[in-house]
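Here is a short report on selected local features of one model. Please look over the sequence and the fold before reading on.

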Amino acid sequence: MGKHIGLSLLIIFLLFFIPWLWAPDAPADSEEPPPPAAGDPPEQEPPQEPETPAGLDAARTLRVKIGDVLQEMDFAAYLTGVVRAEMPASFELEALKAQAAAARTYVIHKMRNGGSPNHPEADACDDITCCQAYLSQADAAAGWGPAAAVYEAKIRQAVAETDGQCVLYQGEPVLAAFHSSSAGMTQDAANVWSGSVPYLQSVESPEDETTVPNYHSSASFSAAELKARLQEALPEADLSGTPSNWFTNIQQQSNGTVTSLSVGGVSLTGNRLRTILELRSACFTMAFQEDTVTFSVTGYGHGVGMSQYGANVLAAGGMDYREILTWYYSGAEVDTWTE
């Protein structure tokens, strides 16, 4: 009986312990790490700057003057900086895409027409009175705060998804002018720059006080201050008498935008007076009270081409970027530009 018990124990030993002795070693990294202690933050990958995808824009190099520094960058990097600066990142994606395509078209048009005499060594600059605004990722992130990563990715998407796309009229990139907001309709270029452009005609624009901050504004001047400003800009103007007598022959669009007027006998556009007095737009009315002249203004910008706030309203209503661009640039089309 004892022999049988001993034999049984031997068989059990052989069955259960010998296979363990021959089993291969487990890989060193197969052991799962212990769960984090309560209250420990979960491990996260270090943040990385998103890469700009390769494409037509990435293959084109630009010389850009940022401040006083001349930099080389590809079109994708340049356009990302322009869209950061020129349009609120909170806008609809299709509006941002329209902005990216307009900005791309604008600089290509300028390059094909001799560039700017202000910086012959550069294709573009960051001065809005000459070219387009530009904002670095770091500067934009400082303004965006907690939403910076989301906004940056959104703008890069807008640039990437319009890669190489331009607004064309008769096969050529247009002067893709744009502005912040209009008073119900954009301006014909002839009313602003004294030259008609077939694709820069007056069209309806859907923004209003419910969709545009500071849509209505006002600017007040004393008679003496107003006279000093006007005399500096228009030395030949006769500004004798009271301010109410200085402004005559006022011509307006149906939305109230002043297209032309005479100031002290000098003819000028409403946009020129807007610039002289630093009004937000040329859509204004004037009120004269004792020694004060008040301008009540609607909209912001020169009013020609694409309205940015109007584009956002159209995008929210379901339009894509191509439809938005052909809405604002009369008779134009959107297509890939490869030259």
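## Basis

This is a predicted model: local features need pLDDT of at least 70, side-chain atom pairs count only at pLDDT 80 or more, and totals for chains, interfaces and linings use all residues. Residues are numbered from 1 along each chain as its sequence is written, and side-chain values use heavy atoms, leaving out hydrogens and water.

## Helix α8

Helix α8 spans residues 270-277. Helices (H or I, at least four residues) and strands (E, at least two) are DSSP runs, numbered from the N terminus. Six of the eight α8 residues are buried, so the rest of the structure largely encloses this helix. Buried means under 20% relative accessible area, exposed over 50%, partly exposed in between (1.4 Å probe, protein chains only). The buried residues are G270, N271, L273, R274, I276 and L277. E278 follows α8 and has a positive phi, near 55°.

## Helices α9 and α10

The axes of α9 (residues 308-316) and α10 (residues 321-328) come within 10 Å and cross at roughly 135°. Axes are lines fitted to C-alpha atoms, for helices over the stretch in contact, with angles from 0 to 180 degrees between N-to-C directions.

G310, A311, L314 and A315 of α9 make the contact with I324, W327 and Y328 of α10. Contact means heavy atoms within 4.5 Å.

## Loop residue D127

D127 sits in the loop between β3 (124-125) and α4 (137-144). D127 is partly exposed, at 36% relative accessible area. The C-alpha atoms of D127 and G67 are separated by 8.0 Å, with the two residues 60 apart along the chain.
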